[in-house]
Every structure is written in C-alpha cells, then in structure tokens.
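Work through the exercises below with the model open beside you, and try each task before you read its solution.

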Amino acid sequence: ALLSPLSEAALVDLLVDHADEPHAAAIARALHGQPIATTTQLAHLVRRALRTTVPEATRQQEIRKALQRTLQALRIAVNDEFRALEQFLAFLPVCLRPAGRVAILTFHSGEDRRVKNAFQAGNRDGVYERIARDPVRPSAEERRANPRSSSAKLRWAVKAGASD
C-alpha cells in the first residue's frame, strides 16, 4: 500500500532520502506501477532493474546492497522513523537539565545527518554548549569483533547551563 500511490519521482526521493540509494532512479522505474505483495517480488524487480545497469564484476554485491538499502528505505517510510527521530530531537532539550549530556548512536546516514543537524542547530542557537565535532566511530578491533558495529556513529551534546 505504500508504493502504489507514489509517483516514480516520489519513489526516487524516498530511496535517496531514506537510504542514499545510488541506483534510485533505476529501481524506482522498475517498481513504479508494479503490484508488489511480497519481498520476493520486490527483490526480483530490484535485481532485474540493476542487471543491465551495474557492471558485471560488481553486480552481485551491488544488487545485494541495493536490496538492503531499498528494504531499509521502505521500513523507514512505513514506520515513519525519521519523523519519530525528529520529534525526539526537538523535544530532547526539554528533557535535559542544564549541563545535561546526551549521546545518540546512529546506524545509517539518514539518521546520522538528522542528529548532526539537530545538534549543530542547537549549538548555534545556544541550546547546547558543546557538541561532538566528529562522530565517535568503532575501532578496527571492535569492527573485527562485531562487524555490525562498522556503520555505527556516536554523537553527543551537552546542554547549555551551569554545571553543579
């Protein structure tokens, strides 16, 4: 039900905004107007869309990543995850005491971009007195021990106000 009312341009926007999908136009063209009832059907359409546009040497890997990003974008849209995150970020300063600290762990660029922008805006507006200039990333050792940590970014902020 999410895909059927969307135009091809809206599908492109969804894939780019929610997953930074580099093949968004080709995937949107393949999905637009198609009756999709299962993830198997979705995967078939994405594979078919990229079969001729991606070089053969990297095709399998690119298709796998495109499938992951497409499913991520759809999950984020269905669950309205970015709106929930933006509401949380807007309300966050009210929850913090003066000099209170917050740390947020993100796992993909769409989340990270929103957290970074909210912290930077809060810093400019005097809501936060300090913010992380750069995200804290997992060490090479941590990435080897936990490969899922490789995309994680930790950003922090300190609310303005006198500390006790």
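**Exercise 1: two helices in contact**

Task: Find which residues of H3 and H4 meet in this predicted model, and work out how the two helices are oriented to each other.

Solution: On the H3 side, the residues that take part are Thr 39, Leu 42, Ala 43, Val 46, Arg 47, Leu 50 and Arg 51, and they meet Arg 59, Glu 62, Ile 63, Ala 66, Leu 67, Thr 70, Leu 71 and Leu 74 in H4. Turning next to the axes, one finds that those of H3 and H4 come within 10 Å and cross at roughly 135°. The two helices are therefore oblique to each other, and their crossing is right-handed.

**Exercise 2: the buried face of H3**

Task: Which residues of H3 are buried, and against which helices do the buried residues of H3 pack?

Solution: The buried residues in H3 are Leu 42, Ala 43, Leu 45, Val 46, Ala 49 and Leu 50. Seen down the axis of H3, they fall within an arc of 165°, so they line one face of the helix. These buried residues pack against helix H2 (24–31) and helix H4 (59–79).

**Exercise 3: the surroundings of Ile 131**

Task: Decide whether Ile 131 is buried or exposed, and find what Ile 131 is in contact with beyond its neighbours within four places in sequence.

Solution: Ile 131 belongs to strand S2 (residues 128–131). Since buried means under 20% relative accessible area, Ile 131 counts as buried at 18% relative accessibility. Apart from its neighbours within four places in sequence, Ile 131 is in contact with Phe 119, Gln 120, Asn 123, Trp 156 and Ala 157. Ala 157 is 26 residues from Ile 131 in sequence, and their C-alpha atoms are 4.2 Å apart in space.

How values were computed: Residues are numbered from 1 along each chain as its sequence is written. This is a predicted model: local features need pLDDT of at least 70, side-chain atom pairs count only at pLDDT 80 or more; totals for chains, interfaces and linings use all residues. Side-chain values use heavy atoms; hydrogens and water are left out. Buried means under 20% relative accessible area, exposed over 50%, partly exposed in between (1.4 Å probe, protein chains only). Helices (H or I, at least four residues) and strands (E, at least two) are DSSP runs, numbered from the N terminus. The arc is that of the directions from the helix axis to the C-beta atoms. Contact means heavy atoms within 4.5 Å. Axes are lines fitted to C-alpha atoms, for helices over the stretch in contact, and angles run from 0 to 180 degrees between N-to-C directions. Angles under 35 degrees count as roughly parallel, over 145 as roughly antiparallel, 65 to 115 as roughly perpendicular and the rest as oblique. A crossing is left-handed if the near helix is turned anticlockwise from the far one by less than a right angle, and right-handed if clockwise.
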